Amino acid sequence: MLSCSPNDNGSSIYRLIDGVDNTEDADHMWLAPCRPYAQQYILRIDFGNPVGLTGLKIWNYNASLDDSFMGVKRLVVNLDGQILSPPHGFLIRKAPGDAKSINDFGQFVALNRQEESNKGNGNSG
């Protein structure tokens, strides 16, 4: 199940997981209404069963060169009550505005970064 809070005025958030990526086709993108900086959208994904998750691949909003500035800037990831992102969120790249000139503009966000960064440096946990 996929849900958004606050409500995104009926825009289809299921476009986020429709299987079409690396595109300029706005029919396969989700754009929420602009909100003040301090207010955030919260997307919830419930897989229904436990799943292994090592990261997320993000294709930012890419309808055109001008519209590519409307994509997400920072992404905070919370999994079952545990924050997996840096305190201010992952910095997400702006899309290129053109899907033809770049083979795959998706950005992989590793969810085990803190765990990996602590290995071998004498820190525990």
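**Figure 1. Confidence across the predicted model.** The mean pLDDT of the protein is 79, and 84% of the residues reach a score of at least 70. The structure shown is a predicted model. Among the elements of the protein, strand β7 (residues 90-91) has the highest mean pLDDT, 92, whereas helix α1 (residues 113-118) has the lowest, 45.

**Figure 2. Elements of the protein along the sequence.** Eight strands and one helix are present in the protein. Their order along the sequence is β-β-β-β-β-β-β-β-α. Of the contacts between residues at least 6 apart in sequence, 57% join residues at least 24 apart.

**Figure 3. Surface and interior of the protein.** The protein has 125 residues, of which 26% are buried.

**Figure 4. The surroundings of S85.** S85 is located in the loop that lies between strands β6 (82-83) and β7. With a relative accessible area of 3%, S85 is buried. When residues up to four places away in sequence are not counted, S85 touches L75, V76, V77 and F90. A polar atom of the S85 side chain lies 3.0 Å from the backbone nitrogen of V77.

Technical notes: Residues are numbered from 1 along each chain as its sequence is written. This is a predicted model: local features need pLDDT of at least 70, side-chain atom pairs count only at pLDDT 80 or more; totals for chains, interfaces and linings use all residues. Side-chain values use heavy atoms; hydrogens and water are left out. Helices (H or I, at least four residues) and strands (E, at least two) are DSSP runs, numbered from the N terminus. Buried means under 20% relative accessible area, exposed over 50%, partly exposed in between (1.4 Å probe, protein chains only). Contact means heavy atoms within 4.5 Å. pLDDT is the predictor's confidence in each residue, from 0 to 100. A polar contact is a pair of N or O atoms within 3.5 Å; within protein, one must be able to donate a hydrogen and the other to accept it, and residues adjacent in sequence count only if both atoms are side-chain atoms.
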